[in-house]
Amino acid sequence: MGIWNAEYECMDKEKLFELQSERLRNTVQRVYSNVSHYRQKMKEKGIEPGDIKTVHDLQKLPFTYKQDLRDTYPYGMFAVPMEEVIRIHASTGTTGKRTVVGYTARDIDNWAELMARCLTSAGADKTSFVHVAYGYGLFTGGLGVHYGAEKIGATVIPVSGGNTKLQIEIMKDFGSTILTCTPSYALYLAETMREMGIDPKKDLQLKAGIFGAEPWTEAMRKEIENQMGLLALDIYGLSEVIGPGVSVECENQNGMHIQEDHFIVEVIDPVTEEVLPAGSEGELVFTCITKEALPLIRYRTRDIARITDEKCPCGRTQVRMSKVTGRSDDMLIIRGVNVYPSQIESVLLDVGLSSPYYQLVIDRVGTLDSLEIQVEMTPEMFSDQVKQIEAAEKKIRHNIESTLGLTCKVRLVEPKTIERTAGKAKRVIDKRLMK
Ligand code: DLL
């Protein structure tokens with residue numbers, strides 16, 4: 001497989017350190033001058049831009065939390081005047097306010113460059129047909145991949161998400177060679193292909209897929225690869241940092257190379273906030289060092305992973321991150337929708353079910369995530385009419401769907417059926433992680 005920009009992707013470590021340090025100095029100076037949030041935070045810590053000389057000084061800087069973006073909603077953390085912002089995206093988050101992210105023309109160019117690197121890792125070039133089944137819109141997936149594919153001169157097929165049968169017809173007729181979508185959707189596509197009597201290995205031209213935006217396992221990778229006959233690579237990113245393209249796997253499938261000339265990564269203990277040594281598992285923290293519109297400093301991703309700087313046979317020198325193994329908060333991603341158990345709890349309360357005993361059972365049925373909410377009835381309800389129980393189940397289902405945009409199954413269970421524990425209640429049983 002090729003390398004899009006060897007100068008940066010294979011950069012000598014010392015040179016990279018100098019480059020990162022220079023870019024960090026410039027970024028810190030800019031946010032100090034232009035973003036009152038950072039100026040205030042730095043003053044509180046008793047530091048000035050001049051105190052940040054190299055990457056080694058990074059730890060002097062304050063962390064940035066998702067809450068900071070919410071508190072300054074929508075544009076309060078932007079470091080440029082709005083005239084220079086040419087694009088807005090927003091996170092898919094369903095708690096509180098959405099977080100809004102902005103891009104200058106240069107940010108969009110840099111993002112396209114990063115995505116061009118990612119697509120090249122998967123073997124894309126001018127002759128490729130890049131099928132984009134990530135959603136287009138406020139979500140960064142669709143447009144992020146789109147611009148990268150155009151940059152390398154590939155032919156973009158901008159299908160966006162959904163309409164599964166049509167996707168498959170298009171893949172067949174237009175000759176898609178690189179598939180980009182979430183891993184769960186890739187499996188769903190494979191299943192639908194079977195139902196349509198299409199054999200991807202014979203009838204389609206797919207060679208590789210870049211799948212991300214949600215956690216997935218090695219077992220899922222094998223399944224996707226076997227069913228579709230393609231090379232399946234993991235891609236990671238988050239809107240606050242840029243979108244897809246923060247890191248991606250190479251053909252060795254041994255971790256995602258982080259684009260270190262644009263982002264400095266740290267791994268911290270999510271509780272003590274202490275920076276952990278290389279190789280430890282912890283929460284990923286990113287500092288954007290080339291972003292103009294929204295250069296976040298030490299952004300707490302809540303994603304748990306491990307970093308290695310062992311040499312990779314592909315020749316890239318960038319450090320690699322493992323698959324994301326979880327999140328340091330309790331956010332769940334179910335069919336691409338971000339959900340907190342507390343949101344479900346508040347729906348239950350709204351419906352008048354104040355029982356503290358509920359459990360979320362998440363599974364992957366076939367190829368799609370499923371959510372079953374089991375709620376214990378109060379003894380009063382239990383003696384009630386079946387019809388009323390059914391009505392309550394229906395109401396919860398309806399409210400979950402309308403407030404969180406998530407379809408689910410609701411089951412009211414008999415009193416005392418949900419396990420009690422002396423410590424924390426186990427609200428979530430994520431069977432996807434047990435597979
Ligand atoms: O999901 C950006 C993206 C689009 C990445 C397309 C890859 C492909 P957000 O909607 O802001 O952005 O969600 C970011 O999704 O903090 C992770 O928890 C999760 N996530 C993203 N990629 C992966 C991955 C996009 N490869 C949040 N593995 C992140 C596991 C992932 N989790």
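Predicted model: local features only at pLDDT ≥ 70, side-chain atom pairs only at ≥ 80, totals over all residues.
Residues are numbered from 1 along each chain as its sequence is written, and side-chain values use heavy atoms, with hydrogens and water left out.

**Where the domains meet**

- In contact across the interface are 12 residues of domain 1 and 12 residues of domain 2. Contact means heavy atoms within 4.5 Å.
- The size of an interface is often given as the accessible area lost when the parts come together.
- Between domain 1 and domain 2, the buried area is about 1100 Å². Buried area is the accessible area (1.4 Å probe) that two parts lose on being put together, summed over both.
- Carbon and sulfur atoms give 54% of that area.
- Helix α8 (residues 183-195) gives the most to the side of domain 1 that touches domain 2, with 4 residues. Helices (H or I, at least four residues) and strands (E, at least two) are DSSP runs, numbered from the N terminus.
- That side of domain 1 divides into 5 nonpolar, 5 polar and 2 charged residues. Here Ala, Val, Leu, Ile, Met, Phe, Trp, Tyr, Cys and Pro count as nonpolar, Asp, Glu, Lys and Arg as charged, and the others, Gly among them, as polar.

**Salt bridges in the whole structure**

- A salt bridge is a side-chain nitrogen of Lys or Arg within 4 Å of a carboxyl oxygen of Asp or Glu.
- A search of the whole structure finds 20 salt bridges.
- One of them joins K60 and D57, with the closest N and O atoms 3.0 Å apart.
- K60 is partly exposed, at 37% relative accessible area, while D57 is buried, at 14%. Buried means under 20% relative accessible area, exposed over 50%, and partly exposed in between (1.4 Å probe, protein chains only).
- E292 and R106 also form a salt bridge, at 3.0 Å from N to O. This pair links distant parts of the chain, 186 residues apart.
- E292 sits in the loop between β11 (281-288) and β12 (299-308), and R106 in helix α5 (residues 105-121).
- E292 is buried, with a relative accessible area of 18%. R106 is partly exposed, with 47%.
- K323 pairs with D234 in a salt bridge, the closest N and O atoms being 2.8 Å apart. Distant parts of the chain are linked here too, 89 residues apart.
- K323 lies in the loop between β13 (320-321) and β14 (326-327), and D234 in strand β7 (residues 231-238).
- K323 is buried, with a relative accessible area of 15%, and D234 is buried as well, with 4%.
- Salt bridges that share partners join R364, D369, D430 and R432 into one network.

**A look at H37**

- H37 has its place in helix α3 (residues 36-44).
- H37 is buried, because its relative accessible area is 13%.
- Leaving out residues up to four places away in sequence, H37 touches D68 and M77.
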